[in-house]
Amino acid sequence: KLVKIWSSWDRRFKASLVGHTNWVRSARFSSDGETVASGGDDNTVRIWNVEEAREDLVFLGQAVQGLVGWAHQLGSQCEILLRR
């Protein structure tokens, strides 16, 4: 139910992104590292501000079911979501 952010430089815990109400199945950073998109079994895709550990946007329900399991394929789709 959490997305946890760890520093790859010093391997320290940075933040927990709290908002999903069921298992988180995928997460992807934007190319600038400032935003994370996550998808979960709660049928949501959530867009997070990493620096502030804040949820900025939520896509809900049936409209996002096709996006929820997308971590390994996300690539350009993530960039499209993050630019909107």
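Which residue forms a salt bridge with D10, and how far apart are the closest N and O atoms? I started with this pair, in what is a predicted model. The partner is K14, and the closest N and O atoms are 3.8 Å apart. I count the pair as a salt bridge because the cut-off is 4 Å.

I then looked up the accessibility of both ends. D10 has 38% relative accessibility and counts as partly exposed. K14 has a relative accessible area of 48%.

**Other salt bridges**

I noted the total next: the count comes to 6 salt bridges. Side chains of opposite charge can pair when their charged atoms come close.

One of the salt bridges links E52 with R54, and I read 2.1 Å between the closest N and O atoms. E52 is exposed, at 51% relative accessible area. R54 comes out as partly exposed, with 36%. Salt bridges with shared partners also join D42, R46 and E55 into one network.

Are D42 and R46 buried or exposed? I find both of them buried, which means under 20% relative accessible area for each.

**Sheet**

I turned to the strands. What is the order of the strands in the open sheet? I read it as β3-β4-β5-β6, 4 strands with antiparallel pairing.

For one pairing I went into detail. Strand β4 covers residues 35-40 and strand β5 covers residues 44-49; they run antiparallel and are joined by 6 bridges. I checked A37 and found it opposite I47 in β5.

**Nonpolar core**

Last, I listed the largest nonpolar core. Which residues make it up? I have 6 residues in all: V3, I5, L17, V36, W48 and V50. In soluble globular proteins, nonpolar side chains tend to be buried together.

I picked V3 from this core and looked up its contacts. Leaving out residues up to four places away in sequence, V3 touches A15, S16, L17, V24 and S38. Among these, L17 is also listed in the core.

Note on methods. Residues numbered from 1 in each chain as written. Predicted model: local features only at pLDDT ≥ 70, side-chain atom pairs only at ≥ 80, totals over all residues. Heavy atoms only, no water. Salt bridge = Lys/Arg side-chain N within 4 Å of Asp/Glu carboxyl O. Buried < 20%, exposed > 50% of the residue type's maximum accessible area, 1.4 Å probe, protein only. Core = buried A, V, L, I, M, F, W, Y, C linked by side-chain atoms within 4.5 Å. Contact = heavy atoms within 4.5 Å. Pairing = 2+ DSSP bridges. Helix = DSSP H or I, 4+ residues; strand = E, 2+ residues; numbered from the N terminus.
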